[in-house]
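This note sets out, point by point, how the chain is arranged. Please keep the sequence and the model in view while reading.

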Amino acid sequence: MSSAEKKVAYALVIVLVVMVVAYFATGKSEVPAADADSLQLASSGGMAGTEVCAPTSGVGPEGVPTQEFGKEGATLEIVAALPITHGCHVETEAELKKAHEEHPGDIHLIIYDLFGREGQEFVAQNGGQRALVFINGKSSFQLDGRNVKLEVREGGTYVPSDIIPIVEQELSKAG
């Protein structure tokens, strides 16, 4: 082995030792199955621009408690199942709350944590394991000549800024 090859080998050993020490110092972190799929898709380019979400701190096994705003029987019934436990869809959650703040008497809003017990029950009854938002029972809408599906991930079939225009559109149809 030449002198240069030895230096490279020593450098690689040092990097390996540092990585092992860092691994044990930070502890193991298990990635839930849904996040593992997202990580694999993101690394393979399957979900370009997708960021891995940061888990919400202090969340128990039941996930984040269900949030409810407004009264049943409002003009719009909005039900969302979002991966809040994992810190995902925070913009969607914020836009939904903003829509309710702008139309408190017209909107009954329920936000389930997709990874909580109630959220799992909701998505099992409504089409499987994915983030989704229903407005009066629908998740697909026409907005400015394009089909918008309030499902899966932000920036995929919708952007969070689509929510308020869809709410406004649906309120005008109902009014």
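1. **The pairing of β1 and β3.** Strands β1 and β3 are joined in the antiparallel sense by three bridges; two strands are said to pair if DSSP finds at least two bridges between them. Within this pairing, F69 has L109 of β3 as its bridge partner. Helices (H or I, at least four residues) and strands (E, at least two) are DSSP runs, numbered from the N terminus.

2. **Basis of the values.** The model is predicted, so local features need pLDDT of at least 70 and side-chain atom pairs count only at pLDDT 80 or more, while totals for chains, interfaces and linings use all residues. Residues are numbered from 1 along each chain as its sequence is written, and side-chain values use heavy atoms, with hydrogens and water left out.

3. **The chain as a whole.** The chain contains five helices and six strands, and along the sequence they follow the pattern α-α-β-β-α-β-α-β-β-β-α. Of its 175 residues, 33% count as buried; buried means under 20% relative accessible area, exposed over 50%, and partly exposed in between (1.4 Å probe, protein chains only). Among contacts between residues at least 6 apart in sequence, 64% join residues at least 24 apart, where contact means heavy atoms within 4.5 Å.

4. **The sheet.** Strands of a sheet pair through backbone hydrogen bonds, either parallel or antiparallel. Here, four strands form an open sheet in the order β1-β3-β2-β4, with mixed pairing. Its edge strands are β1 (67–69) and β4, each of which pairs on one side only. On average, neighbouring strands of this sheet are turned by 5° against each other, direction ignored.

5. **The remaining pairings of the sheet.** Strands β2 and β3 run parallel and are joined by seven bridges; in this pairing, L76 stands opposite I107 in β3. Strands β2 and β4, by contrast, run antiparallel and are joined by four bridges. There, A80 stands opposite V133 in β4.

6. **Helices on the sheet.** Helix α3 (residues 90–102) packs on the sheet and touches β1, β2, β3 and β4; its direction makes about 160° with that of β3. Helix α5 (residues 163–174) also packs on the sheet, touching β2, β3 and β4, and its direction makes about 155° with that of β2. For these angles, axes are lines fitted to C-alpha atoms, for helices over the stretch in contact, and angles run from 0 to 180 degrees between N-to-C directions.

7. **Why is β3 described as largely enclosed by the rest of the structure?** Seven of the seven residues of β3 are buried, and therefore the strand is largely enclosed. Both faces are covered: I107, L109, I111 and D113 are buried on one side, and H108, I110 and Y112 on the other.

8. **V167 in helix α5.** V167 belongs to helix α5 and is buried, with a relative accessible area of 1%. Leaving out residues up to four places away in sequence, V167 touches L76, I78, A99, H103, I107 and I135. Although V167 and H103 are 64 residues apart in sequence, they are 9.4 Å apart in space, C-alpha to C-alpha.

9. **The two sides of helix α4.** In helix α4 (residues 117–125), the buried residues are G119, F122 and V123. Seen down the helix axis, these buried residues fall within an arc of 90°, so they line one face of α4; the arc is that of the directions from the helix axis to the C-beta atoms. Their cover includes β2 (76–82), β3 (107–113) and β4. The face turned away from the buried side carries the exposed residues A124 and Q125.

10. **Aromatic pairs.** Two aromatic pairs are found in a search of the whole structure; rings of Phe, Tyr and Trp (its six-membered ring) pair if their centres lie within 6.5 Å, and planes under 30 degrees apart count as stacked, over 60 as edge-to-face and the rest as tilted. F122 and F134 form an edge-to-face pair, with 6.0 Å centre to centre and 70° between the planes. Because F122 lies in helix α4 and F134 in strand β4, the pair ties together parts that are twelve residues apart in sequence. Y112, F122 and F134 form one aromatic cluster.
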